[in-house]
Amino acid sequence: MSTGVPKVPLAFIGGSGTFSLDLPAAISRLGGRILAQDLVWPTPYGASPPFTLFEVEGNPFPVLTCKMHGQRPGVGRAEAARHVFWVFREAGVRKIISEGGVGSVNHLLEPRDIVIPTDYLDFSLRRDVDLGGGYLSIRRQALCPPLHRLLLEAASRRPLHRVFGRGVYVVTDGRHFESPAEINLFRHWGGDVVGQNLCPEVYLAREIGACYAMINLVVNYGEGLVAPWSYELLREIFYRDAEPLAAIIFAALRRVDPGQDCGCPSLRKPTLLVDGAASAAGQGWVTRAALSGRRTSGRGGSVRGPAEARANPSLP
Ligand SMILES: [Zn+2]
């Protein structure tokens, strides 16, 4: 049954860095064209956030976008992420660029620095957030190398301050900022910036077989680092730098090829924790009994039944 979601191969998830964008006017100024606005679809988890469909000059493929990672009053971060990625899966999205304002953890970073992370530490306390796919999700190459490169090249051509193409993003639940002791802990554990959204987005992207990369604008010093962060500077960055940051993202979107083979989709495998001998015989997978003799949902992903396994025989 059609869900009414159009087939769109590219997506941009807006965050706090572009929240203040006046969308129709800004997209036009950035060389884009809006195709549709206020698109809301019912999902199994509740109504989706409003999406905008637009195209970027120079790329024939349209882009689906939403604001603030889909978060709205009364909708938690995990729930919002499920709404957004359910729509992306229905749309057949292949490449996703996300954006977010972050705090510094590395004491060398300054406000307005751009960090395009290469890895993450997930300290969020959210329960498992998935779309019921039951995949074994490999975390190698979690951030898509070609998408990362496009963002790095675009940011380097029009930097707001300094640009860093390596960094570890620490994920917390928020919405509060971190304490000085937490920042100190994250620093010693190898974090560079802290934010709330890279996870679970990076997990959900892999679940739907899409590539994912994120660009982050440092908006405040982590507590206890360098100097107390400035509310006035935070406000200035949110309102003044939204369009320059969006210009970087548009420059990257202009060059994204949804058909590029980067290897990311092959890092999603069917779970080994399938139930029943028929599946094992048909797919060469191990049986539940052979694994542990009892139903489990361990590191191989959630348990799924033989019917579902057979329905997806050629999953990459
Ligand atoms: Zn990729």
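**Ground rules**

I count residues from 1 along each chain, in the order the sequence is written. Because the model is predicted, local features need pLDDT of at least 70 and side-chain atom pairs count only at pLDDT 80 or more, while totals for chains, interfaces and linings use all residues.

**Overview**

I started with the overall tally and found 10 helices and 15 strands in the protein. Both are DSSP runs, numbered from the N terminus: helices are H or I with at least four residues, strands are E with at least two. Next I looked up burial. I call a residue buried if 20 or more other C-beta atoms lie within 10 Å of its own, exposed if 12 or fewer do, and partly exposed in between, with C-beta atoms placed from the backbone. Buried residues come to 44% of the 316 residues.

Then I checked contacts, meaning pairs whose C-beta atoms, placed from the backbone, lie within 7 Å. Of the contacts between residues at least 6 apart in sequence, 81% join residues at least 24 apart.

My axes are lines fitted to C-alpha atoms over the stretch in contact, and angles run from 0 to 180 degrees between N-to-C directions.

How do helix 3 and helix 7 pack? Helix 3 (residues 145-157) and helix 7 (residues 242-253) have axes 8 Å apart, at an angle of about 135°. The pair is therefore oblique; I use roughly parallel for angles under 35 degrees, roughly antiparallel for over 145, roughly perpendicular for 65 to 115, and oblique for the rest. The crossing of helix 3 past helix 7 is right-handed, meaning the near helix is turned clockwise from the far one by less than a right angle, with anticlockwise being left-handed.

I listed who makes the contact: L150, L151, A154, A155 and R157 from helix 3, with I248, A251 and A252 from helix 7. By class that gives seven nonpolar, no polar and one charged. For the classes, Ala, Val, Leu, Ile, Met, Phe, Trp, Tyr, Cys and Pro are nonpolar, Asp, Glu, Lys and Arg are charged, and the others, Gly among them, are polar.

**Helix 7 by itself**

I looked at its span: helix 7 has 12 residues and reaches 16 Å from first C-alpha to last, close to the 16 Å expected at 1.5 Å a residue. The expected span is 1.5 Å times one less than the number of residues. Is helix 7 mostly covered or mostly uncovered? It is mostly covered, with nine of its 12 residues buried.

**Helix 2 against helix 5**

The axes of helix 2 (residues 77-91) and helix 5 (residues 198-207) come within 10 Å and cross at roughly 30°. That makes the two helices roughly parallel. Helix 2 passes helix 5 in a right-handed crossing. I find A78, A81 and F85 of helix 2 meeting P200, E201 and L204 of helix 5. This contact has five nonpolar, no polar and one charged residues.

**Helix 5 by itself**

How many residues of helix 5 are buried? I get 10 of the 10, so helix 5 is largely enclosed by the rest of the structure. P200 sits in this helix, and the peptide bond from C199 to P200 is cis, with omega near 15°. After the helix comes G209, with a positive phi near 80°.

**Single residues**

I placed D38 in strand 2 (residues 32-39), and it counts as exposed, with 7 C-beta neighbours inside 10 Å.

V226 is another residue other than glycine with a positive phi, near 60°. Where is V226? I found V226 in the loop between strand 14 (211-220) and helix 6 (231-240). It is partly exposed, having 13 other C-beta atoms within 10 Å.

P60 lies in the loop between strand 5 (51-56) and strand 6 (63-66). P60 is exposed, with 7 C-beta neighbours inside 10 Å. From P60 to R254 is 194 residues in sequence, but 8.8 Å in space, C-alpha to C-alpha.

Last, G190 is in the loop between helix 4 (180-188) and strand 13 (193-195). G190 is exposed, with 12 other C-beta atoms within 10 Å. G190 and V170 are 20 residues apart in sequence and 9.0 Å apart in space, C-alpha to C-alpha.

Note on methods: Two residues are in contact if their C-beta atoms, placed from the backbone, lie within 7 Å.
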